[in-house]
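Reader: I'm new to this one. Could you walk me through a few of its local details?

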Amino acid sequence: MAKFYCFRPALLLLLLLMVRTESRGRFDPKILMPTEIPKSTEQEDTIGTRWAVLIAGSSGYGNYRHQADVCHAYQILRKGGLKEENIVVMMYDDIANHPLNPRPGTLINHPDGEDVYAGVPKDYTGHDVTAANFYAVLLGDKEAVTGGSGKVIASKANDHIFVYYSDHGGPGVLGMPNKPYLYAADFIETLKKKNAAGTYKEMVIYVEACESGSIFEGIMPKDLNIYVTTASNAQESSYGTYCPGMNPSPPSEYITCLGDLYSVAWMEDSETHNLKKETVKQQYQTVKMRTSNYDTYSEGSHVMEYGNNSIKSEELYLYQGFDPATVNLPPSELPVKSPVGVVNQRDADLLFLWHMYRTAEDRSRKDEILKELTETTRHRKHVDTSVELIGTVLFGPTTNVLNSVREPVLPLVDDWECLKSVVRIFEMHCGSLTQYGMKHMRAFANICNKGVSKELMEEASAAACGNYEARFMSHPSVVGYSA
């Protein structure tokens with residue numbers, strides 16, 4: 001009898017452990033030692049508050065996908081338990097009720113997707129979506145924000161922060177619907193300030209943009225407790241997807257892309273896995289494979305990672321929360337290898353204009369769209385030839401200084417203020433860069449790296465663009481300078 005009573009506590013402990021593993025969605029008879037218990041089983045109050053900043057950096061119906069991305073991300077975080085008061089959304093908010101939207105008041109991020117717009121807070125919209133407001137929001141500086149809801153990331157030392165950005169980009173810059181653009185040096189300086197304030201434990205940042213790796217390459221410290229992944233490396237485009245005429249294609253009434261390849265990869269992964277089991281590393285690997293379009297890099301990009309790699313071993317729920325509906329889903333598994341149709345981010349606006357022209361029925365409307373398509377294409381060629389001519393004036397016709405790429409350990413440019421100055425000089429003489437022209441930021445950076453003076457840049461720009469006709473695109477004195 002004594003032996004029986006001695007055995008009962010051990011039996012009870014074993015049963016409790018078995019029930020505990022069963023509650024995590026699987027039966028695992030293994031007895032876990034205290035040091036083997038995963039972080040996801042810790043009490044919620046030991047991980048602090050989860051915060052998030054979601055930014056769509058564009059405007060205009062041709063950029064539908066960026067705001068759809070951000071609204072989709074918001075729905076995932078809310079289902080994961082993040083409170084609305086802890087999520088800051090920044091988007092121009094001109095898409096859902098745009099006259100061209102075939103389903104007014106809604107946004108979808110997948111051909112068969114549900115509305116992701118409903119319930120999304122309008123914290124910073126329209127003219128309040130600026131780089132300056134983003135920095136203030138992230139730093140938790142209520143006094144520095146202008147307009148909007150005034151909501152900021154008022155995080156504390158034990159909190160976790162998730163930042164997601166979707167838009168166009170270029171070497172060293174990310175777009176914003178209101179200029180100036182977000183420059184890498186300013187962003188990194190903001191992250192350093194946030195770290196110095198001691199107001200977070202760890203942070204994960206996802207960036208969807210062309211050349212997004214250049215925002216962090218050579219300048220992102222590893223000691224800030226921040227882990228970053230980007231949709232592309234420092235030299236390539238990222239890609240839009242779910243576009244008309246491609247596979248899979250959006251519903252026939254849509255004439256614009258619904259999502260971006262990297263963005264839908266991470267979000268559709270999060271929706272179909274248990275984030276208390278899936279790690280940051282596992283999602284990175286899945287997204288990397290899918291964003292490469294399954295190793296067809298001619299129609300995909302290289303997902304990159306920067307910062308503190310030790311964060312990769314943590315479960316995703318620390319940043320994106322946990323949806324109870326996913327409790328019985330697997331922690332991670334690669335999706336079926338099924339490449340999708342994509343378009344270079346910088347060509348998505350031309351694809352949109354062409355589909356709008358093709359489907360227009362009214363002749364006068366068709367002529368208006370054709371004029372816009374023509375002027376957009378013409379301005380692109382003007383920017384390209386102007387930059388090339390400036391390079392010839394500065395360095396001669398036989399060198400390729402403007403396109404030279406530095407070693408990965410080096411930042412894009414040594415003097416970021418010089419880069420901003422060169423951009424302003426170019427735009428003053430040659431007109432707005434536009435979201436397409438951001439691709440030339442490396443050329444401007446190389447002009448700075450070669451020590452070209454402002455006077456020489458002024459002279460070269462005036463020579464290249466002396467006959468520039470502002471009617472092709474609004475002058476930056478009206479629409480704002482990119483720097």
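Reader: Which backbone oxygen lies 2.9 Å from a polar atom of the side chain of Asn 101?

Author: Keep in mind that this is a predicted model. Asn 101 sits in the loop between strand E2 (87-90) and helix H3 (131-139). Among the residues that Asn 101 touches are Tyr 61, Tyr 64 and Thr 106. The backbone oxygen at 2.9 Å from the side chain's polar atom belongs to Thr 106.

Reader: Okay, and is Asn 101 buried or exposed?

Author: The cut-off for buried is under 20% relative accessible area. Asn 101 has a relative accessible area of 3%, so this residue counts as buried.

Reader: What is phi of Asp 93, roughly?

Author: Asp 93 lies in that loop between E2 and H3 too. Its phi is positive even though Asp 93 is a residue other than glycine, with a value near 65 degrees.

Reader: Is Glu 211 buried or exposed?

Author: Look in the loop between strand E7 (202-208) and strand E8 (226-230) for Glu 211. Glu 211 isn't a glycine, yet has a positive phi of about 50 degrees. Its relative accessibility is 6%, and anything under 20% is called buried, so Glu 211 is buried.

Reader: What is omega for the peptide bond from Lys 179 to Pro 180?

Author: Pro 180 is in the loop between strand E5 (173-174) and strand E6 (182-183). The bond from Lys 179 to Pro 180 is cis, with omega near 10 degrees.

Reader: And which residue does a cis peptide bond join to Pro 248?

Author: Pro 248 is placed in the loop between strand E9 (239-241) and strand E10 (259-260). With omega about -5 degrees, the cis bond joins Pro 248 to Asn 247.

Key. Residues are numbered from 1 along each chain as its sequence is written. This is a predicted model: local features need pLDDT of at least 70, side-chain atom pairs count only at pLDDT 80 or more; totals for chains, interfaces and linings use all residues. Side-chain values use heavy atoms; hydrogens and water are left out. Helices (H or I, at least four residues) and strands (E, at least two) are DSSP runs, numbered from the N terminus. Buried means under 20% relative accessible area, exposed over 50%, partly exposed in between (1.4 Å probe, protein chains only). A polar contact is a pair of N or O atoms within 3.5 Å; within protein, one must be able to donate a hydrogen and the other to accept it, and residues adjacent in sequence count only if both atoms are side-chain atoms. Contact means heavy atoms within 4.5 Å. Lists of a residue's contacts leave out its neighbours within four places in sequence.
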